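Welcome, and please open the structure in your viewer. We will go from stop to stop, selecting a few residues each time.

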Amino acid sequence: MIGRLRGILLEKQPPEVLIEVNGIGYEVQMPMSCFYELPHVGEEAVIYTHFVVREDAQLLYGFNTVKERALFREVIKANGVGPKLGLAILSGMTASQFVASVEREDISTLVKLPGVGKKTAERLVVEMKDRLKGWGAGDLFTPFTDAAPAENGVTASSNAEDEAVSALLALGYKPVQASKVVAQVAKPDMTSEQVIREALKSMI
């Protein structure tokens, strides 16, 4: 079981990072809410991981804190919610937004997330309402803000838009939807992470 990695960030391609630990490069998928807070490429990072072994793959999902990982583990306990959908859910909204939606039984907000239909949203509410009591005191993830994140070496312009679309597709959004929302929010001086941030905000 791989539970924590400490090493140098070699690549950042949302929602995946490559981190080198003692000469070994680990590919880790992260919710965008965690991805925004990573240091620059070439700097040291500490990532808490959830390791998934399938017949056809071994996958690592990463988080900045133990509590973020704990919430992810609660989410994927819900019937019909696997790690990929859990990643999309916690990328599409902040932890406090998700907890609030479950507590308010806000099905209409949850179904806006990729891969979450009405039945899945209803299951999330029914199965998680009791388990999430006490989680809502303060946001577990860094909330979305209008402040620009620190530059991370990702170039702006059309390249940023292409990377943003690719990230949204990886999170489960449909190609037409991803392209449309990126075109609506992208501005010439934005990095790919800024475009992704604004695109996700606009869809909730």
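Two strands pair if DSSP finds at least two bridges between them. Helices (H or I, at least four residues) and strands (E, at least two) are DSSP runs, numbered from the N terminus. This is a predicted model, in which local features need pLDDT of at least 70 and side-chain atom pairs count only at pLDDT 80 or more, while totals for chains, interfaces and linings use all residues. Residues are numbered from 1 along each chain as its sequence is written, and side-chain values use heavy atoms, with hydrogens and water left out.

**The whole chain**

Start with a cartoon view. The protein has nine helices and five strands, and from the N terminus the order is β-β-β-α-β-β-α-α-α-α-α-α-α-α. Of its 204 residues, 49% are buried; buried means under 20% relative accessible area, exposed over 50%, and partly exposed in between (1.4 Å probe, protein chains only).

Now select residues 44–53, which are strand β4, and residues 58–63, which are β5. The two strands run antiparallel, joined by six bridges, and form a hairpin with four residues between them. Which residue stands opposite Tyr 61 of β5? Show side chains here and you will find His 50 in that place. Five of the six residues of β5 are buried, so this strand is largely enclosed by the rest of the structure.

Rings of Phe, Tyr and Trp (its six-membered ring) pair if their centres lie within 6.5 Å; planes under 30 degrees apart count as stacked, over 60 as edge-to-face and the rest as tilted. By this rule there are two aromatic pairs. Phe 63 and Phe 72 make a tilted one, with 4.9 Å from centre to centre and 45° between the planes. Phe 63 has 0% relative accessibility and therefore counts as buried; Phe 72, at 0%, counts as buried too.

**A charge over a ring**

Next, select Arg 197 and Tyr 36. The charged end of Arg 197 sits over the ring of Tyr 36, 4.1 Å from its centre. For this label, NZ of Lys or CZ of Arg must be within 6 Å of the ring centre and within 35 degrees of the ring normal.

Most residues other than glycine have a negative phi, and most peptide bonds are trans. Go to Pro 14 and Pro 15, which are joined by a cis peptide bond with omega of about 0°. Pro 15 is in the loop between β1 (4–13) and β2 (16–21). Then move to Asn 22, not a glycine, yet with a positive phi of about 50°. Asn 22 belongs to the loop between β2 and β3 (24–29) and, at 78% relative accessibility, counts as exposed. Glu 105 has a positive phi of about 55°; look for Glu 105 in the loop between α4 (95–103) and α5 (107–110).

**Last stop: Arg 131**

Finally, select Arg 131, in the loop between α6 (118–128) and α7 (158–170). Is Arg 131 buried or partly exposed? Its relative accessibility of 29% makes Arg 131 partly exposed. Leaving aside neighbours within four places in sequence, Arg 131 is in contact (heavy atoms within 4.5 Å) with Glu 74, Lys 77 and Ala 78.
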